[in-house]
Amino acid sequence: MGTTIFAEMSALALDTDSVNLGQGFPDVDGPHEIAAAAAAAIMEGRGNQYPPGPGIPELRRAVADHQKRFYAQDVDPDAEVLVTAGATEAIAAALIALMEPGDEAIAFEPYYDSYAACIAMAGGTRVPVTLRPPGFRPDLDALRAAITPRTRLILLNSPHNPTGAVFSQAELAQIAALACEHDLLVVSDEVYEHMVFDGEHVPIGSLPGMRERTVTISSAAKTFSFTGWKIGWVTATPELVTAVRTVKQFLTYVTGGPFQYAVAEALAMPDAYYASIAADLRVKRDLLCPGLAEAGFEVYQPAGTFFVTTDIRGLGEKDGMEFCRELPRRVGVVAIPSSVFYDDQEAGRTQVRFAFCKKEEVLREALARLAGRDRDG
Ligand SMILES: Cc1ncc(COP(=O)(O)O)c(C=O)c1O
């Protein structure tokens with residue numbers, strides 16, 4: 001599973017002194033003033049003891065304001081927001097809360113590695129619908145065909161890790177129509193919501209008929225480059241939030257009190273900050289993608305996130321897992337074999353994912369190494 005490969009690859013990166021474009025964490029921390037806000041909260045004794053179960057009021061209000069500001073959504077901060085230990089806990093708590101043993105959850109593959117584990121923890125069955133290159137567009141006929149009387153929910157992720165696909169409003173509307181027609185819930189993981197280069201992010205919960213059936217999830221990790229803080233949140237109707245909170249209560253109860261104060265401030269940052277997130281990453285995308293293409297990879301240019309999926313067949317390679325295990329020793333670069341994100345191993349066998357949330361000089365060094373190919377000649 002994914003966790004094993006991430007650990008294996010990070011250990012390999014250290015052993016071989018490789019440039020690590022494997023796991024998706026930035027190599028620069030988020031805004032200094034937000035870090036200072038967290039430090040101040042600790043020193044001033046705000047949040048050092050168990051914060052309220054649903055999250056501190058300041059953060060719940062900031063999340064509601066954010067949904068209004070960016071998506072014109074009306075969210076009641078008291079009844080419709082829940083603060084979680086990152087998006088990871090939000091996903092786990094939502095699936096455990098909303099699925100009964102034997103229920104099916106449809107997820108587009110390749111998928112973020114916690115999805116399969118959380119569906120299993122909920123006693124559910126995962127039903128993958130495959131996104132295929134070059135565009136990784138959702139196949140609506142395949143989605144329709146995957147729905148059975150046991151389907152409880154669709155687990156959605158747009159902008160999408162690992163492909164970088166951003167589902168269009170039209171695609172989301174069709175997914176929403178299927179959810180309404182079959183009375184399904186949608187759990188929507190939107191952690192890359194502010195990392196869109198082409199197109200725009202549309203929360204599926206904002207589409208007609210979706211408010212009462214969508215659990216929207218996001219997190220401070222990616223938007224503010226503080227992946228270690230583990231502050232995430234859920235927005236949904238009071239009934240759905242109550243269900244998720246009931247599970248969260250016995251997973252972590254509460255999380256990261258002082259960080260909640262800092263994230264409340266972060267969410268209120270000016271538009272210029274939000275615009276800079278995608279603008280900075282776009283420069284990095286536009287550095288890494290052509291470089292990878294020059295090095296012989298087929299590159300599926302991402303419209304969002306900070307990942308790019310490539311295909312290695314043009315390099316004469318047949319197996320991404322083997323390729324990624326050898327690459328650190330051969331050239332000193334770490335990437336992730338996308339097969340770990342698929343149930344259908346054949347679909348992902350020759351795909352390899354690179355993260356570009358790294359300093360430009362780090363990306364340049366990775367490209368120089370890849371262009372040189374074999375380290376020892
Ligand atoms: C699609 C997706 N969802 C959720 C997460 C985890 O978010 P958090 O760090 O807030 O738990 C990640 C992190 O890589 C992700 O890629």
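Which residues are closest to the ligand, and how many surround it? Let me start there. One caution before I do: this is a predicted model.

The ligand is surrounded by 14 residues. The closest are T88, D189, Y192, S219 and K230. Keep those five names in mind.

Now the polar side chains. Take D189 first. One of its polar side-chain atoms sits 2.6 Å from a ligand nitrogen. Next, Y192. Here an N or O atom of the side chain is 2.6 Å from a ligand oxygen. Then S219. Its side chain places a polar atom 2.6 Å from an oxygen atom of the ligand. How much of the ligand does the protein bury? Taken alone, the ligand exposes 400 Å², and the protein buries 93% of that.

What is the shell made of? By residue type, there are six nonpolar, five polar and three charged. Two helices each supply at least two residues: α4, residues 86–98, and α8, residues 220–223. Of the elements, α4 gives the most, with three residues.

Let's move to a helix, α14. It covers residues 360–372, which is 13 residues. From first C-alpha to last it reaches 18 Å, close to the 18 Å expected at 1.5 Å a residue. Which of its residues are buried? They are L363, A366, L367 and L370. Look down the axis of α14: the buried residues fall within an arc of 100 degrees, so they line one face of the helix.

Next, the backbone. There are two cis peptide bonds to show you, E109 to P110 and S158 to P159. For the E109 to P110 bond, omega is about 0 degrees. P110 is in the loop between β3 (104–109) and α5 (114–121). For the S158 to P159 bond, omega is near -10 degrees. P159 is in the loop between β5 (151–157) and α7 (169–181).

Last topic: positive phi. Y253 is not a glycine, yet its phi is positive, about 70 degrees. Find Y253 in the loop between α9 (238–251) and α10 (257–267). T305 is another residue other than glycine with a positive phi, near 70 degrees. T305 lies in the loop between β9 (298–300) and β10 (307–311).

Are these two buried or exposed? Y253 is partly exposed, because its relative accessible area of 36% falls between the 20% and 50% cut-offs. T305 is buried, because its relative accessible area is 0%, under the 20% cut-off.

That's the tour.

How values were computed:
Residues numbered from 1 in each chain as written. Predicted model: local features only at pLDDT ≥ 70, side-chain atom pairs only at ≥ 80, totals over all residues. Heavy atoms only, no water. Near = heavy atom within 4 Å. Polar contact = N/O pair within 3.5 Å; in protein donor to acceptor, adjacent residues only side chain to side chain. Areas by Shrake-Rupley, 256 points an atom, 1.4 Å probe, with all protein chains shown as cover. Helix = DSSP H or I, 4+ residues; strand = E, 2+ residues; numbered from the N terminus. Nonpolar A, V, L, I, M, F, W, Y, C, P; charged D, E, K, R; others polar. Expected span 1.5 Å × (residues − 1). Buried < 20%, exposed > 50% of the residue type's maximum accessible area, 1.4 Å probe, protein only. Arc of directions from axis to C-beta.
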